[in-house]
Amino acid sequence: MTGTRSPELYPPAREVKNATWTVNDVHGQYSYSNPHADLYRYLSQWSDMELYLNVGYSRPGQYHLHVSSHLRLINRLADSLLSLHAAGPYATERRLLDVAAGRGGAAIHARRRYGLEVVGVDITPYNACRAEANAREKGVWPQVRFNMGNAHRLPLADASFALAWSIESPAHFADKPIFLKEVGRVLKPGGVFTLADLLVVEPIATASPENRQIYAEFLRVWDVPYLESFDSYQRALAEAGFELRRAEIVTRYNLDILNRDCAIFLWLSQFRWLYRWYGRYLRWRTGANLDHVYEHVLGSHRALRLGMIDYGLFWAVRR
Ligand SMILES: C[S@@+](CC[C@H](N)C(=O)[O-])C[C@H]1O[C@@H](n2cnc3c(N)ncnc32)[C@H](O)[C@@H]1O
């Protein structure tokens, strides 16, 4: 990190938008039609990226970037969500809304482990179709169903759910406060909501022109318009009519591990013969272009190693 922070020169990071971002970048990343999708092809060597699209949660000694790490994150969110639900006014209702459900892994798990009925909504046609196919393949359809839809204008009636979650997706949303108001609209008063997302650590991301550039590159490689911070999310939840019950930063259980893996990848990439050989192998095995993966890993590592990105979990009750 270089330079000193001047609020006049460097406005809050969450006000800094990724200038080139459009929703087509999100479609491209999740439909394998932009170079950033190659990271998922690469990761498919270790985990099931056709079901789960989150960075997971692992304690020391637990194997990360594996189906089990995705499930640990989902269980952590679900266990606290359901204990709040059990103490609330709709304890017998079993319908969950999954906003930006991706390829359906979390929703399917919610059915299998917790017996919930799930309605998932996602903006990317590839993911909504894949999620539906996954639910049928796993034998949980129609108790778990998916629709196309935008988190900013959910295609759902007012006060129609008592349970909702959104897992590592809001980062991609152009307006997180509007999304939170939408969740508030479709939740019944007393309904419960949990959220997992990437967060910007503003004092670090805006500390110098160099840091701001590193932060902008992180947003670009992940096709993210901007990030909220731990504090701004709490304010936005309150303004959307939620009462926060619990919030945690769990960076050391996922992003720090990802960063360690990025560092190993970049160190190994110095050996040009190894890089060339692995590039051919990766293309054959997964279809991914190693240069695209390298760019993504480098952009991630530069931001993560400075600590400018955190990972937060929030649980809240609709007032
Ligand atoms: C990182 S993935 C997470 C998916 C899933 N929650 C999981 O944990 O596997 C982000 C998802 O957000 C979806 N998404 C992005 N912007 C959206 C929007 N405005 N409305 C609905 N879905 C959106 C993407 O299509 C993608 O499926």
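In this predicted model, a nonpolar surface patch is formed by I264, W267, L268, F271 and W273, which together have about 550 Å² of accessible area; patches here consist of residues with over 30% relative accessible area and no salt bridge, nonpolar side chains (Val, Leu, Ile, Met, Phe, Trp, Tyr) being joined within 5 Å and like charges within 9 Å, and areas come from the Shrake-Rupley method with a 1.4 Å probe, only the protein chains shown counting as cover for residues. Helix 10 (residues 255–268) makes the greatest contribution to the patch, with three residues, whereas F271 is found in the loop between helix 10 and helix 11 (272–286); helices (H or I, at least four residues) and strands (E, at least two) are DSSP runs numbered from the N terminus. F271 counts as partly exposed because its relative accessibility is 34%, where buried means under 20%, exposed over 50%, and partly exposed in between.

Residues are numbered from 1 along each chain as its sequence is written. Local features of the predicted model need pLDDT of at least 70 and side-chain atom pairs count only at pLDDT 80 or more, while totals for chains, interfaces and linings use all residues, and side-chain values use heavy atoms, with hydrogens and water left out.

The buried residues of helix 3, among them S69, H70, L71 and H85, are covered by elements including strand 1 (95–99), helix 4 (105–114) and strand 7 (309–318). S80, which is found in helix 3, counts as buried at 12% relative accessibility and, leaving out residues up to four places away in sequence, touches R246 and W315, contact being defined as heavy atoms within 4.5 Å.

The structure holds 13 salt bridges, each a side-chain nitrogen of Lys or Arg within 4 Å of a carboxyl oxygen of Asp or Glu. One of them joins the side chains of E50 and R103 (3.4 Å, N to O); E50 lies in the loop between helix 2 (38–43) and helix 3 and R103 in the loop between strand 1 and helix 4, so the pair ties together parts that are 53 residues apart in sequence. Both E50 and R103 are buried.

Note on methods. Buried means under 20% relative accessible area, exposed over 50%, partly exposed in between (1.4 Å probe, protein chains only).
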